[in-house]
Protein chains: 2
Amino acid sequence: MDSIVVVGSVALDSVRTLWGESKEALGGSAVYFSLAARHFARVSVVGVIGKDFPKEHRHMLAEKGIDLGGLKELPGKTFRWVGKFGKDLSDAKTLATHLNVFAKFRPRLTSAQKKSRVVFLANIDPDLQSQVLNQMSGPALVACDTMNYWITSKPEALRRLLSRVNIFFVNEEEAKILSRQPTALAAARVISHWGPKVVVVKKGEHGALMKVDNQFYAFPAYPVESVKDPTGAGDTFAGGFMGYLTAAGDYGDVVHLKRAMLYGTALASFNVEDFSTRRLENLRRSCLEDRFAEFCDALQVPHNGSAIKPRVLFSR
Amino acid sequence: MDSIVVVGSVALDSVRTLWGESKEALGGSAVYFSLAARHFARVSVVGVIGKDFPKEHRHMLAEKGIDLGGLKELPGKTFRWVGKFGKDLSDAKTLATHLNVFAKFRPRLTSAQKKSRVVFLANIDPDLQSQVLNQMSGPALVACDTMNYWITSKPEALRRLLSRVNIFFVNEEEAKILSRQPTALAAARVISHWGPKVVVVKKGEHGALMKVDNQFYAFPAYPVESVKDPTGAGDTFAGGFMGYLTAAGDYGDVVHLKRAMLYGTALASFNVEDFSTRRLENLRRSCLEDRFAEFCDALQVPHNGSAIKPRVLFSR
């Protein structure tokens with residue numbers, strides 16, 4: 001049974017949006033990823049928390065089947081992020097970042113984690129991301145994310161990492177900066193030459209674009225009427241994507257990659273419906289499958305065997 | 001044989017983008033719409049030009065099968081628009097607008113046009129749009145577009161018009177302003193209560209959202225690697241949409257509406273590949289069909305009968 005190792009942050013987030021706020025609520029890339037991926041595969045976290053990390057979060061995650069054997073507790077406080085979103089939900093404004101124990105994060109994998117065949121390296125220092133790979137005994141599928149900060153401060157380390165990565169998740173703006181290209185498509189093309197066979201450009205409320213071989217696949221976001229809190233949407237998307245692929249056991253087939261895109265999209269659409277991880281925590285697999293199937297159907301446009309053929313043709 | 005009447009501008013545009021520029025080139029909403037819709041139906045233009053309108057444009061349009069019997073020549077100069085696009089291709093910056101003869105535009109339909117069963121009212125004064133409908137003997141399908149200027153200066157006239165419209169095309173930002181709603185979905189819901197059974201929210205490079213009955217259908221834009229000039233993309237989209245629906249002869253079927261979305265999207269993607277109407281002028285029907293079919297396929301994600309079932313289920 002394939003499992004996924006995820007390396008990333010475990011945090012307490014305080015977020016304000018036009019629709020309300022949450023204070024010191026569960027967050028972090030590894031948490032959002034795990035809560036999404038758990039629907040498809042066993043997830044094992046590599047992360048760090050402080051002495052103040054609430055016991056109930058640990059219990060909730062363990063209850064969802066998420067392996068916390070690699071979640072290390074250090075003296076000090078848990079990583080905290082304070083942010084807000086205005087009308088433009090794609091634009092998170094960071095009000096404060098307290099790294100706390102996260103500043104001392106040196107990922108160390110358990111012996112079981114080292115043998116995992118699938119790994120997701122959430123947004124951390126690219127040198128640390130590479131050190132995770134160095135500890136593993138040849139994973140079959142390596143995926144990662146990153147952020148502006150590393151793109152500008154450690155471009156060489158990031159390029160070294162990308163040469164070892166199969167699937168790269170990146171925000172649209174960050175993809176353009178990293179590749180020095182004006183469009184998401186050109187950016188994906190350039191980045192794919194550096195290593196990743198699959199480049200997924202995340203566009204927030206506008207969906208995502210995937211480059212595989214020489215093809216581009218654009219998908220919209222699932223239409224959600226009331227977005228309360230976009231925090232964690234990108235990591236939730238990656239969790240659904242990687243979880244599905246792990247269960248499918250094959251990332252060479254574009255049908256699986258397209259399904260992965262839509263499972264990621266569906267999970268992200270649930271996540272934004274409430275603050276923190278609330279909606280993900282109580283999300284049933286059947287609800288996920290219903291939305292996934294509905295979304296597949298909505299996107300399906302039969303182009304052949306149509307009942308009505310256009311009757312008038314003026315052009316050649 | 002159903003034909004479409006389109007009422008709108010015929011213009012000479014000067015456009016600068018990061019990839020080049022065009023000067024005094026053919027443009028205008030009625031022109032872009034016609035060049036897209038002609039692939040599916042006979043199109044008949046209601047518009048106005050000045051004495052200086054180049055003969056070769058008239059010839060080109062007539063050669064494409066577009067009926068110019070309702071294109072009136074008035075003393076004076078043709079409508080001119082001067083604009084530029086920066087890095088953000090969704091943000092047209094108007095440098096100059098010379099209405100010229102367009103300021104005196106009072107649409108008067110020919111007797112054949114009055115009997116047309118399909119009409120597209122491109123972005124003009126909503127009172128003029130209503131006057132066009134008053135001249136017609138009960139069209140089966142009425143569609144319109146509008147812009148910020150009318151939304152703020154003539155909101156009541158626009159509301160009166162919308163109560164007589166079946167399909168409303170509107171930009172995302174304009175939809176939000178018109179409806180005073182924060183999201184495209186909420187905007188479409190509110191506007192649909194004012195009359196239009198179908199509301200199509202155009203999102204430029206991010207695709208389009210369609211509301212039909214109580215369902216939302218989001219589609220991405222067709223991924224284009226080199227966008228040279230986005231001018232006219234919205235009217236080209238509407239032309240493909242309305243042209244296909246006219247040929248299909250049915251706008252009550254959501255499959256036809258979805259196909260209309262993708263034909264509109266495909267046509268718009270060709271249009272932005274070159275300046276002015278260049279790409280649309282020489283676009284073959286077979287190229288359009290190829291891109292349409294390719295796009296349908298790319299969006300198709302089979303959700304049932306899949307070869308591989310997820311093997312691990314932790315959640316309920």
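Start by selecting helix α6 of chain B, residues 155–162. Helices here are DSSP runs of H or I with at least four residues, strands are E runs of at least two, and both are numbered from the N terminus. Show the side chains of Leu158(B), Leu161(B) and Leu162(B): these are buried, where buried means 20 or more other C-beta atoms within 10 Å of the residue's own, exposed means 12 or fewer, partly exposed is in between, and C-beta atoms are placed from the backbone. Now look down the axis of α6(B): its buried residues fall within an arc of 95°, so they line one face of the helix. That arc is taken from the directions from the helix axis to the C-beta atoms. An α-helix has 3.6 residues a turn, so residues three or four places apart point the same way.

What do the buried residues of α6(B) pack against? Colour α4 (126–135), β9 (141–144), α5 (148–153) and β10 (167–171) of chain B, and you have the partners. Contact here means C-beta atoms, placed from the backbone, within 7 Å.

A word on what you have open: this is a predicted model, in which local features need pLDDT of at least 70 and side-chain atom pairs count only at pLDDT 80 or more, while totals for chains, interfaces and linings use all residues. Residues are numbered from 1 along each chain as its sequence is written, and chains are lettered from A and ligands numbered from 1 in the order in which they are written.

Hop over to chain A and pick out the open sheet, whose 4 strands run in the order β3-β2-β6-β7 with mixed pairing. Two strands count as paired if DSSP finds at least two bridges between them. β3 (20–27) and β7 of chain A stand at the edges with a single partner strand each, so one side of each has no neighbour in the sheet. From one strand to the next, the twist averages 15°, an angle between N-to-C directions on a 0 to 180 degrees range, using axes fitted as lines to C-alpha atoms (for helices, over the stretch in contact).

Ala11(A) sits opposite Gly27(A).

How many residues of β7(A) are buried? The count is 0 among the 7 residues of this strand, 92–98.

Next, zoom to Ser276(A), in the loop between α10 and α11 (278–281) of chain A. Its phi is near 50°, a positive value in a residue other than glycine. Ser276(A) is buried, with 24 other C-beta atoms within 10 Å.

Finish with both chains on screen. 51 residues of chain A are in contact with 52 residues of chain B. On the chain A side, α12(A) gives the most, with 6 residues. A rotation of 180° with 0.0 Å of shift along its axis superposes chain A on chain B, RMSD 0.0 Å, which is the relation of a two-fold axis. The superposition is by least squares on C-alpha atoms of residues with pLDDT of at least 70 in both copies.

Key. Two residues are in contact if their C-beta atoms, placed from the backbone, lie within 7 Å.
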